[in-house]
Amino acid sequence: MHRFLHLIVALFMVLIAPASQAHEGTHAPDVLAVVNSATVMGQDVALSLTVTGAGGPLALTSLSAVGAQPIVFDPITVNFAQDVTIEAVLQFSAPPPASFTLVLDFGLVGQATLNVVPKP
């Protein structure tokens, strides 16, 4: 059932969203991203994310947030209707904020953002 719901959302994003973005300029990659968990550990936040492709293959190259060291890794490929779980630890230079915007960087394709509210 969970996979079917992701497929329906992915199809919506592929078929409907491009029509709503029919203007020039940068566009966000066709993905659905969900925070499974975000846990504060001192000045770090342990993240578990699920990224689902809603278009052609994408290569996730980094995660970043204001006040945290960016996490750069070998590209993680996300294909259409594929769920990819990503585990990472963001290291902040001060105690993490109560909420922050996580930037998922897909290189030349663009960036997607995700609001994160970590739990202590």
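**View 1. Strand 2 and strand 5 pair side by side in the antiparallel sense.** Here strand 2 (residues 44-53) meets strand 5 over nine bridges; two strands count as paired if DSSP finds at least two bridges between them. Helices (H or I, at least four residues) and strands (E, at least two) are DSSP runs, numbered from the N terminus. Look for Asp44, whose bridge partner in strand 5 is Gln91. Please keep in mind that this is a predicted model, in which local features need pLDDT of at least 70 and side-chain atom pairs count only at pLDDT 80 or more, while totals for chains, interfaces and linings use all residues. Residues are numbered from 1 along each chain as its sequence is written, and side-chain values use heavy atoms, with hydrogens and water left out.

**View 2. Three strands form an open sheet in the order 1-2-5.** The pairing in this sheet is antiparallel. Strand 1 (31-41) and strand 5 each have a single partner strand, so one side of each is left without a neighbour in the sheet. On average, neighbouring strands here are turned by 20° against each other, direction ignored; axes are lines fitted to C-alpha atoms, for helices over the stretch in contact, and angles run from 0 to 180 degrees between N-to-C directions.

**View 3. Four strands make up an open sheet in the order 4-3-6-7.** Antiparallel pairing is found here too. At the edges are strand 4 (71-78) and strand 7 (111-116), each pairing on one side only. Neighbouring strands of this sheet are turned by 30° against each other on average, again ignoring direction. Within the sheet, strand 3 (residues 58-64) and strand 6 (residues 100-105) run antiparallel and are joined by three bridges. Ser64 stands opposite Val103 of strand 6.

**View 4. Pro70 lies in the loop between strand 3 and strand 4.** With 54% relative accessibility, Pro70 counts as exposed (buried is under 20% relative accessible area, exposed over 50%, partly exposed in between; 1.4 Å probe, protein chains only). Leaving aside neighbours within four places in sequence, Pro70 is in contact (heavy atoms within 4.5 Å) with Leu63 and Ser64.

**View 5. Ala81 sits in the loop between strand 4 and strand 5 (83-91).** Although not a glycine, Ala81 has a positive phi of about 60°. Ala81 counts as partly exposed, at 23% relative accessibility.
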